[in-house]
Amino acid sequence: MAEAFTEFVNNEGRKNRTAELLSAYLHDCLRDADHAHHSEDSLDKLFADVIDLLHYVVDRDIFREHYRMQLSKRLLMSNELNEAAEQSFLVKLKAAFGLADTHAMEGMMKDYAVATDMQADFVRYASTSPANALKIPLSVRVLAQAFWPSYLAPEVTLPPVLAECLDVFRRYYCECKSNRVIVWIHSHSTATVQIQFTGRLVECSMSLYQALVLLCFTTQAALTQRYAPLPPKPSSRPYPLQFRARLPLHVSAP
């Protein structure tokens with residue numbers, strides 16, 4: 001029976017698909033873990049079942065790479081992370097298959113934990129002098145390039161208010177860590193934008209790219225859409241936008 005199931009899971013048509021689906025299933029469950037969809041006991045059983053199935057998967061490298069990519073999304077993009085559940089699965093995965101399957105992901109979790117203390121220290125640094133004062137709230141996560149997936153880092157023209165804040169963090173980090181090359185990963189950055197409409201203030205969470213596009217319209221007195229015009233009597237003044245940003249960056253030795 002075990003041989004038949006192994007052949008079924010790893011046949012030519014679905015061997016990679018099985019690993020991808022197991023990773024995607026865990027991703028969905030862990031994203032929901034903060035919303036009481038899964039109790040601690042149910043997550044433990046789920047982890048045990050997934051690891052039992054992984055014993056039949058011949059090429060676990062596919063699972064490891066997909067899981068690492070999805071873990072990075074949860075660590076960087078999630079507002080609330082169930083850190084205990086993430087650590088619990090890595091402990092079980094390491095016990096079943098060894099350090100090689102978890103080394104990079106454990107490094108990612110360590111970066112996530114260290115980022116909290118570093119952020120608090122950065123805020124203190126920014127408050128030490130007017131030259132370092134932040135004009136918008138800024139949260140930065142430093143990622144060790146050896147552990148995290150590779151990300152595209154295209155050049156982006158940032159508004160001066162954000163560029164100045166990034167310069168403050170660069171000065172802070174260079175004082176703490178010498179001989180480091182830092183690269184901003186704007187594709188995994190998020191922003192919270194406050195939009196002042198007529199009579200109400202709306203707060204929206206979005207990617208940094210979306211926020212940059214929206215900021216292009218801050219000088220317009222009225223915005224219209226081709227097929228659905230805005231309600232009549234728009235405000236005669238510009239729509240002011242305020243935003244705060246959360247950005248990851250890669251760090252490596254030169």
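**Exercise 1.** State which residues are linked into a cluster by ring pairs in this predicted model.

*Solution.* The cluster consists of Phe122, Tyr125, Phe169, Tyr172, Tyr173 and Trp184, which are linked by ring pairs. In total, the structure holds 10 aromatic pairs.

**Exercise 2.** Classify the pair formed by Tyr67 and Phe89, and locate both residues in the chain.

*Solution.* Step 1: the ring centres of Tyr67 and Phe89 are 5.1 Å apart, and rings pair if their centres lie within 6.5 Å. Step 2: planes under 30 degrees apart count as stacked and those over 60 as edge-to-face. The planes of Tyr67 and Phe89 stand at 45 degrees, so the pair is tilted. Step 3: Tyr67 belongs to helix α4 (residues 60-77) and Phe89 to helix α5 (residues 83-97); the pair links distant parts of the chain, 22 residues apart. Step 4: both Tyr67 and Phe89 are buried.

**Exercise 3.** Determine which parts of the chain are tied together by Phe122 and Tyr172, and whether these residues are buried or exposed.

*Solution.* Step 1: Phe122 and Tyr172 form a tilted aromatic pair, with 5.4 Å from centre to centre and 50 degrees between the planes. Step 2: because Phe122 lies in helix α6 (residues 103-126) and Tyr172 in helix α7 (residues 160-176), the pair ties together parts that are 50 residues apart in sequence. Step 3: buried means under 20% relative accessible area. Phe122 has a value of 0% and is therefore buried; Tyr172, at 3%, also counts as buried.

**Exercise 4.** Identify the residue that lies over the face of Tyr67.

*Solution.* The residue is Arg74, at 5.2 Å from the ring centre of Tyr67.

Note on methods: Residues numbered from 1 in each chain as written. Predicted model: local features only at pLDDT ≥ 70, side-chain atom pairs only at ≥ 80, totals over all residues. Heavy atoms only, no water. Phe/Tyr/Trp six-rings, centres within 6.5 Å; stacked < 30°, edge-to-face > 60°. Helix = DSSP H or I, 4+ residues; strand = E, 2+ residues; numbered from the N terminus. Buried < 20%, exposed > 50% of the residue type's maximum accessible area, 1.4 Å probe, protein only. Lys NZ or Arg CZ within 6 Å of the ring centre and 35° of its normal.
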